[in-house]
Amino acid sequence: MSIKAATLAVAITLGFILPGAAKAEMIIEDAYARSASPVAQTGAAFMAITNRGDTDDRVVSVSSDAAARVELHTHLQDGNGVMRMVEVEDGFPVAAGETHMLARGGDHIMFMGLTAPFVHGDEIEVTIRFEHADPVTVRIPVDLERQDHGGMGG
C-alpha cells in the first residue's frame with residue numbers, strides 16, 4: 001500500500017475527511033430494457049437507482065449507442081385523463097440514502113430511433129450521468145417477456 005493510500009485509509013477510519021469530499025455513490029440494480037416489437041423504433045429501460053452516498057443527487061442525462069436519441073421520460077396525465085409520455089429535462093432526483101425507481105408507467109429511459117432491434121437476451125450499454133456522482137455505465141439485458149419490475153416495486 002502506498003503512503004498516499006495508507007494516509008487516506010487512516011483519514012477515512014478516523015473521520016478526517018475534508019469538507020466537500022462526501023459525494024453521492026450511485027448503484028444501479030434490477031435493470032432491464034424492452035421494446036414493443038421486433039420492428040419498433042423505440043424502446044425503454046427500467047431499473048432501481050440507489051444513492052448510497054450522503055449527498056442528494058440527480059440523474060441528469062443518459063447516453064447509449066442503442067438509439068439515435070436517449071432521453072429521460074415519465075408519464076403524466078393530461079386534463080382529459082389521458083396518459084402522455086413526456087421528456088423530463090431537469091432529470092430525476094435521487095436523495096441520499098434513497099432509491100428512485102424507473103418503472104413501466106412512470107419514470108424511465110426512452111430510446112428513440114433504435115440502431116438495431118431490441119432482441120430478447122441481448123444487452124445494451126447505457127451511461128447514466130449524475131449532477132454530482134461519477135457517471136455509471138451499465139450493460140442492461142433486453143427482456144421482452146418481463147411484465148413488471150419484479151420484487152423491486154414499480
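What share of the contacts in the protein chain with a separation of 6 or more comes from residues 24 or more positions apart? Counting a contact as heavy atoms within 4.5 Å, the figure is 67%. The structure is a predicted model, in which local features need pLDDT of at least 70 and side-chain atom pairs count only at pLDDT 80 or more, while totals for chains, interfaces and linings use all residues. Residues are numbered from 1 along each chain as its sequence is written, and side-chain values use heavy atoms, with hydrogens and water left out.

On to the overall layout. The protein chain holds 1 helix and 10 strands, where helices (H or I, at least four residues) and strands (E, at least two) are DSSP runs, numbered from the N terminus. Going along the sequence, the pattern reads α-β-β-β-β-β-β-β-β-β-β. Of the 154 residues, 39% count as buried; here buried means under 20% relative accessible area, exposed means over 50%, and partly exposed is in between (1.4 Å probe, protein chains only).

Next, the strands and their partners. Two strands pair if DSSP finds at least two bridges between them. Strand β3 (residues 57–63) pairs with strand β6 (residues 92–94) in the antiparallel sense over 3 bridges, and Asp57 has Val94 in β6 as its bridge partner. β3 also pairs with strand β9 (residues 123–130), again in the antiparallel sense, over 4 bridges. In that pairing, Ser63 sits opposite Thr127 and Val62 sits opposite Ile128.

A pocket, on a 1 Å grid over the protein atoms alone with a 1.4 Å probe, is an open set of points with protein on both sides within 12 Å along at least five of seven lines, and lining residues have an atom within 4 Å of a point. The largest pocket contains about 200 Å³ of space. Its lining has 13 residues, and the closest to the centre are Arg34, Ala36, Gly43, Ala44 and Phe46. Elements giving two or more residues to this lining are β1 (26–35), β2 (42–51) and β8 (108–114), with the largest share, 4 residues, coming from β2.

Asp30 lies in β1 and has a phi near 55 degrees, a positive value in a residue other than glycine. Most residues other than glycine have a negative phi. Asp30 counts as partly exposed because its relative accessible area is 29%. Ser37 is found in the loop between β1 and β2. At 27% relative accessibility, Ser37 is partly exposed as well. Ser37 and Val119 are 82 residues apart in sequence, while their C-alpha atoms are 9.2 Å apart in space.

Notes: Grid points are joined across faces, edges and corners, and a volume is the space filled by probe spheres set on the points.
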